[in-house]
Structure formats: structure tokens, C-alpha cells
Amino acid sequence: MALITAIIIFSLMLANTITAQQPLPPFSCDSSTNPSTTKSYPFCNVDLPIGKRAHDLIARLTLDEKISQLVNKASAIPRLGIPYYQWWSEALHGVAVAFGVENGVSFKGNIRAATSFPQVILTAATFDANLWYRVAKVIGTEARAIYNEGEAIGMTFWSPNINIFRDPRWGRGQETPGEDPFLTSKYAVSFVRGIQGDSFEGGQLKDGHLQVSACCKHLTAYDLDHWKGVDRFTFDAHVTKQDMADTYQPPFKSCVEQGRASGIMCAYNLVNGVPNCADYDLLTKTARGEWGFQGYITSDCDAVSLLYEKQKYSKSHEDAVADVLKAGMDVNCGDYLANHTKSAVEKGKVSESDIDRALYNLFSVRMRLGLFNGNPSQLPYGNLSRNDICTPEHQDLALEVARDGIVLLKNSANLLPLSKSETKSLAVIGPNANVSKTLVGNYAGPPCKTITPLQGLTDYIKKIKFHEGCENINCTINAKSKAVKIAKSADYVVLVMGLNQEEESEDRDREELVLPGEQQSFIISVSEAAKKPVVLVLLCGGPVDISFAKNNPKIGSILWAGYPGEAGGKAIAEIIFGDHNPGGRLPLTWYPKDFIKVPMTDMRMRPDPSSGYPGRTYRFYQGEKVFEFGYGLSYSNYSYKFVSIGQTKFDFKNYILVSDVSSKSCENAKFSAIVSVENEGSMAGKHSVLIFVRHDEAGNRSRPMKQLVGFRTVRLNAKEKTSVEFEINPCQHFTRASEDGTMVIESGVQYLVVGDQEYPISTNI
């Protein structure tokens with residue numbers, strides 16, 4: 001008994017010691033250390049509006065102190081009790097780090113991991129906005145918990161990436177929700193609300209206070225990194241007003257107006273001759289004026305230096321400082337503003353009020369995060385701790401997202417799912433079969449744990465023979481003979497191939513759309529040697545022309561698993577052996593290999609038959625496809641039927657601008673479309689129902705051929721039926737962008753399309 005008592009006392013002492021040694025997170029206005037001074041500062045008074053508090057703080061700063069706050073490594077101001085702050089943190093699909101530089105989170109303390117969800121392109125394939133929200137909510141929770149543990153020096157996370165995946169070669173396309181502006185807009189809103197601590201429906205941030213801060217990037221028309229000598233740092237994207245209005249800008253508009261994002265990042269590139277970070281019309285008139293943005297605007301890293309040094313837009317260092325501050329940018333990722341702002345002031349290029357404007361936005365966001373409210377343990381979110389990181393629930397969610405996102409591209413003769421009882425041996429072959437880092441893609445933090453495809457399959461079949469087949473992802477050095485021998489000996493073969501970050505990533509666009517190196521010939525050789533048709537699993541972000549596999553009877557099934565995150569291998573195995581019914585759908589078009597003839601620098605969305613330009617994305621592209629946007633098979637077959645349509649005809653007086661229609665009229669014009677969905681198969685499944693609008697104007701190239709206008713997910717048991725309701729807004733869904741960028745409604749017939757079902761709606765002018 002005495003021994004037990006001694007152990008308990010020792011444990012309590014140890015716990016107290018650990019608590020005492022735990023560093024406090026950085027914050028201002030600590031009343032416990034200097035209560036009289038703190039109370040005398042209005043910027044510490046939580047009863048005052050944040051605007052007044054921010055103005056009070058700025059008024060107390062010297063010019064040098066002000067300038068020190070204009071960069072991502074914002075200096076401490078000890079005399080006011082303001083700690084050092086790092087604006088740059090990453091949370092694309094889990095709390096992450098950008099390697100080689102200082103971030104707000106480092107994972108170098110007691111916390112060494114966070115939940116690593118699938119890369120965004122696969123998460124988007126779930127077509128489940130509520131699931132996206134849940135993912136972001138977990139990311140925000142874990143980020144705040146890391147801060148509370150004293151292991152973060154920043155709470156501003158530069159996510160999500162909501163650029164349109166315009167060209168299949170873009171190395172960073174994997175970071176985005178895909179090619180569709182409607183889908184990307186919905187993702188942006190769900191992610192921002194989740195990570196910042198809002199409700200799924202929005203509007204629940206109390207007094208604007210944030211769990212963490214989200215940043216929508218990269219504004220705007222940024223989707224080229226490095227292609228045939230053209231790089232993102234100097235690329236001038238020539239974009240029509242029409243394409244800007246209906247493709248490039250809608251996700252950012254939604255991110256701000258509906259998501260209420262507290263951060264925006266302006267992109268490296270120029271658009272129509274003007275650098276994004278120096279574009280007053282973009283940052284101030286559009287983002288702040290038209291969209292009502294309230295937050296801070298950061299440059300991409302070292303983007304400000306490019307204005308003078310590479311883009312030759314600004315005439316001097318000081319002019320570059322003036323150009324960005326007067327355009328509406330607030331903070332520079334890098335040290336350029338720290339080095340050149342004072343000289344700009346002295347030369348009359350920049351006024352102190354220009355600096356104060358930027359600081360107001362910066363300090364307001366830090367105050368909304370509660371960083372000037374005293375000890376965070378006593379504040380909202382103060383109860384979050386290391387116990388809220390890598391929880392079983394969070395890791396289960398990572399698995400759920402991977403399961404729901406993986407897309408079944410082919411399943412000849414119902415090869416899948418494999419029988420757990422009748423499959424006695426399995427050959428697992430390929431360079432992506434057992435490499436943990438490939439699972440998480442880029443902008444990833446250290447995962448809680450990883451399960452590779454090989455590890456996941458081992459849970460089902462004990463008699464497994466594995467060979468990587470290729471020494472690297474290019475397969476230039478391969479052991480084809482060994483792989484063939486293994487394939488011949490097994491009941492079934494699973495090939496795990498595709499790409500990795502050596503083939504597609506930031507600053508690395510692809511030049512080809514086929515599998516790299518000798519992968520294709522390797523796959524064919526192994527499949528020809530196998531006893532039965534093989535299962536091909538592809539890990540990749542961007543699309544690959546796998547027509548050879550699609551049309552090869554020796555390749556029975558194909559799964560696209562994106563970069564499926566920490567639990568990806570388990571999700572793949574569950575689908576292969578039928579413990580999960582796949583329901584993911586492609587969020588982008590898979591183009592044929594000849595698409596590389598189209599210059600990546602051509603930003604036009606719409607086709608131009610006179611020059612042979614085919615257009616881009618499912619909305620405009622008129623060429624052949626390997627797989628279409630929204631494509632995805634299941635172990636079940638689902639059928640649809642329109643049950644009721646609230647309105648079938650609209651009458652307007654003439655050709656009208658949407659802006660001329662009153663909000664009341666637009667509200668009254670909304671109607672519901674109810675669709676019956678039936679699972680005709682013998683297996684329960686989750687299914688995404690997509691509804692499009694198709695226009696009855698085949699020759700009109702100025703409007704999309706069809707456009708996604710809604711999506712809902714349902715879970716149905718075998719033979720079960722349900723109804724799904726969509727809200728259709730003619731002022732949004734029946735419009736097109738004119739050449740001058742205005743949205744208009746025209747007469748004609750639109751068709752609501754779900755699967756193979758269509759329903760006509762007439763609009764009369």
C-alpha cells in the first residue's frame with residue numbers, strides 16, 4: 001500500500017513538473033506579469049471594438065517598429081509586451097510545414113505529428129461539402145491545440161489553394177479541388193468555415209473571433225509553375241474578362257463573401273501586364289470593395305522583390321514597396337519591405353498612413369485570434385491540448401475521406417471486389433506500393449502514422465509476395481523478370497504505380513501526360529504474365545493518359561487513389577476486398593496524351609475552332625477524353641428520375657444583366673428540383689448525385705456546354721431508394737459571362753441533367 005501511495009505521489013509530482021516546464025504560447029496583454037501596465041493600454045481592453053484596439057496599438061509604434069511588422073517574421077516589441085509572430089503557417093490537408101524555412105509550426109517539440117488527410121484533389125472527389133468541413137474543423141482544432149501547447153508561433157495558415165486546375169500538367173493541381181469553379185467555390189467555403197471555427201452554415205463566429213485564420217490563395221489566375229522555360233515568377237497571364245468572371249474569380253469571391261476568410265494571398269504572376277500584388281483593382285476595389293473582404297493580404301514568398309528585380313514593373317526598390325502597399329497588400333512574405341520601406345518613406349514614395357492601413361489589417365486579425373486577450377488558456381479554445389491531436393476520431397476521419405474519395409475507373413467483369421475467402425495468394429508490385437511519403441503528397445506535415453497499400457493488403461491476405469518492380473518512379477531501372485515471376489505465382493496481382501512529388505509538385509510541372517519512364521511497358525508485361533486480369537492502383541494528383549490500360553482486357557480494374565493520406569493504404573485495401581463500396585468521382589478531366597500540344601501558357605478556357613484550340617475543362621473542352629469530369633464507378637448501379645420540378649418556364653422582358661435583376665426577384669425565381677435515386681445493386685454504398693445545367697445552344701462557344709450547379713451525397717442500402725432536393729437559382733445557374741465580364745440571362749432552353757436524365761426549362765425574353 002505504501003508503495004502504491006509513493007507511486008501516485010511521484011506521478012503527481014512528475015505531472016506538475018511537466019506542466020510547469022511546458023512553454024506558454026506567445027501572446028500579449030498578460031495581466032499576471034504586469035497588470036497595471038496592461039490595463040492602461042486600450043489595445044488590451046477586450047471590451048473595446050477590435051478596430052479601436054488596433055488603432056490604439058498602431059499609434060504607440062515608432063516608424064521602425066511599424067516597418068518591422070510588415071514582413072512574415074514580425075519582430076517582437078518588448079516595451080509593449082508584443083511577442084515575435086510568424087505569419088507563415090501551412091495547413092493544406094492537415095497542419096503542415098514548408099521544409100527549409102521557418103513556419104509558425106515546426107513539429108520539433110513534444111508534438112511531432114498531426115492528422116494527415118488525403119491531398120485536396122482526392123478529398124474533392126468525395127463531392128461531400130460536409131465532409132470537407134469536418135476535415136477543416138479537425139485541422140483547425142489540431143492547429144489551435146499545438147499553439148496552446150506552446151509549440152506554435154503563428155496562427156495564420158496559408159490554406160486553402162483554390163486556383164482552378166486549368167491545365168493537367170500543373171504540378172500543384174493536386175493541392176486544389178479540381179477544374180470546376182462551382183465545386184472549388186463550395187470547397188473553399190466549407191474549408192474556411194471549418195478551420196476558422198465557424199458553423200457549416202456560416203455566421204456563427206462570435207464577434208469575428210477565430211479558431212485559426214484561413215488564407216485563400218493564390219489570387220489570381222495562377223496555375224503555372226515551371227514549363228518549358230516559363231516560370232511563375234515572370235509569367236504574364238493573358239486572361240479575358242469573360243474567363244475571369246466565370247472561371248478564375250468565382251472561388252475567391254465565394255471564399256470571401258460566404259466563407260468570410262480572414263486572409264488572402266496574392267500570386268507571383270502578372271495578369272494582363274499587372275503583378276497581382278500590385279493590382280489596386282484586384283486587391284482593393286474587387287476583394288475589399290466588391291466582395292467585402294475584412295482581413296489581411298499577404299504576398300507569396302518574395303513576390304514583392306520580383307516587381308523590380310525580375311518583372312521590371314517597378315522602377316526602383318522603393319517604387320515596388322509603394323506599388324504593393326498602395327494596391328492594398330499588407331504583409332510581405334520575405335524581408336523586402338523590412339529592407340526598403342524606410343527608404344520609400346524618406347523618398348516620399350510611401351506615407352506613414354499607407355503603413356498604418358496595412359498594420360490595421362494585420363493587428364486586427366491577430367486580435368481576432370485572441371492573441372491580445374491575455375493568457376489563452378482562459379479564453380475560447382483554451383481547453384484544446386495535445387490530447388486533441390491525432391485522436392482516434394481524427395484518424396478515422398482521415399480513413400473515411402480516403403475511402404470516399406478513391407475513384408473506381410474500370411471494373412471489367414466485376415473483377416473487384418476480390419473474395420477474401422477465395423483469394424489465397426496475392427502479388428503486390430510497384431514503386432508506390434510501400435512508400436509512406438508518397439501517400440501524403442505535398443504541403444504535408446508528419447502524419448500520426450501511415451498505412452501503405454502493401455500494409456493495408458497484408459491485413460487481408462497473409463500470403464503476399466511483394467516487389468517494388470522499379471528502382472524509382474520512372475521505372476528506368478526495373479526488375480521486370482522478378483516481377484513477372486511473382487505475378488505468375490499469385491492468384492491475383494495488384495500493381496501500385498503512378499506519380500510522386502518528383503514528377504509533379506510546386507515548381508515542377510509535367511511535360512507529358514503518360515506514366516513516366518518505362519512504367520507502361522512494365523505494367524503490360526506484368527499483366528500479361530498474371531493468371532487473371534490485374535488490379536491497377538494509381539497514386540497521382542494530376543491526370544494520366546492510361547488509355548492502354550483502359551482498353552487492355554488483361555487489366556481488369558483501375559483505381560485512382562490520388563495521394564490518399566496517412567490511412568490511404570487501408571482505404572485501398574478495403575475497396576479491393578469489398579469492405580467499402582467505392583463512390584468517388586473525378587473532379588477533373590483526364591485528357592489524352594496529345595493535349596500537351598496545347599501551350600500551357602494559353603489561359604483561354606473557351607475553344608477556338610479557327611486555330612484548332614480545343615478549350616479547357618469539361619465545360620468547354622471539345623476534344624477526346626480518357627475519363628470525364630464526374631466519372632466514377634461503383635460496385636452498385638444507381639438510377640435517377642426527376643420527381644418534381646418547381647418551375648419549368650421563366651419570362652423576362654428582354655436580354656438582361658443579372659446585376660439589373662433585384663435580389664428579391666432572384667430570390668423569388670429560385671425553385672427546387674427533386675430527384676429520386678435508387679441503389680439497384682446488392683451492396684450498400686455512399687453515392688454523390690451531381691446535377692448539371694446543359695444549354696441547348698450547341699454552336700454557342702461563349703457559354704459552357706454544361707455546368708455543375710449542385711451535388712449531394714446519399715448513403716443507400718442495397719435496393720434502397722431516396723429523394724434528393726436541389727435548389728436551382730436561375731440568376732446564378734442559368735447565366736453566362738459576356739465578353740465584358742458581366743453575367744447575363746438569355747432566352748432559350750436549359751436542361752437539368754442528372755446522369756442520363758434530362759429535364760427542360762424554358763427562359764423567354
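These numbered points walk through some features of the structure above.

1. **How to read the model.** This is a predicted model, in which local features need pLDDT of at least 70 and side-chain atom pairs count only at pLDDT 80 or more, while totals for chains, interfaces and linings use all residues. Residues are numbered from 1 along each chain as its sequence is written, and side-chain values use heavy atoms, with hydrogens and water left out.

2. **Confidence.** pLDDT is the predictor's confidence in each residue, from 0 to 100. The chain averages 94, and 96% of the residues score at least 70. Over residues 1–20, though, the pLDDT is below 50, and beyond near neighbours in sequence this stretch has zero contacts in the model (contact means heavy atoms within 4.5 Å). Where pLDDT is low, the predicted coordinates should not be read in detail.

3. **Helix 8, from the inside.** Helices (H or I, at least four residues) and strands (E, at least two) are DSSP runs, numbered from the N terminus. The buried residues are Gln 242, Asp 243, Met 244, Asp 246, Thr 247 and Tyr 248. They pack against helix 7, helix 9, strand 9 (270–271), helix 22 and strand 25 (735–737).

4. **Helix 8 with helix 9.** Helix 8 (residues 241–248) and helix 9 (residues 250–257) pack at an angle of about 50°, with axes 6 Å apart. Axes are lines fitted to C-alpha atoms, for helices over the stretch in contact, and angles run from 0 to 180 degrees between N-to-C directions. Helix 8 and helix 9 are therefore oblique to each other (under 35 degrees is roughly parallel, over 145 roughly antiparallel, 65 to 115 roughly perpendicular, and the rest oblique). On the helix 9 side, Pro 250, Pro 251 and Phe 252 make the contact.

5. **Helix 12 with helix 13.** Helix 12 (residues 317–327) and helix 13 (residues 336–346) pack at about 100°, with their axes 8 Å apart. That makes helix 12 roughly perpendicular to helix 13. Among the residues that meet are Val 321 and Leu 325 in helix 12 and Tyr 336 and Leu 337 in helix 13.

6. **A buried loop residue.** Ile 164 sits in the loop between strand 3 (156–157) and helix 7 (181–196). At 3% relative accessibility, Ile 164 counts as buried. Its contacts include Trp 170, Thr 184, Thr 247 and Pro 251. Ile 164 and Thr 184 are 20 residues apart in sequence and 7.5 Å apart in space, C-alpha to C-alpha.

7. **Aromatic pairs.** Rings of Phe, Tyr and Trp (its six-membered ring) pair if their centres lie within 6.5 Å; planes under 30 degrees apart count as stacked, over 60 as edge-to-face and the rest as tilted. By this rule there are 28 aromatic pairs. The rings of Phe 182 and Phe 711 have centres 6.1 Å apart and planes at 85°, so the pair is edge-to-face. Phe 182 is in helix 7 and Phe 711 in strand 23 (residues 706–716), 529 residues apart. Both Phe 182 and Phe 711 are buried.

8. **A ring cluster.** Ring pairs link a cluster that includes Phe 127, Trp 132, Phe 182, Phe 629 and Phe 711.

Terms used: Buried means under 20% relative accessible area, exposed over 50%, partly exposed in between (1.4 Å probe, protein chains only). Lists of a residue's contacts leave out its neighbours within four places in sequence.
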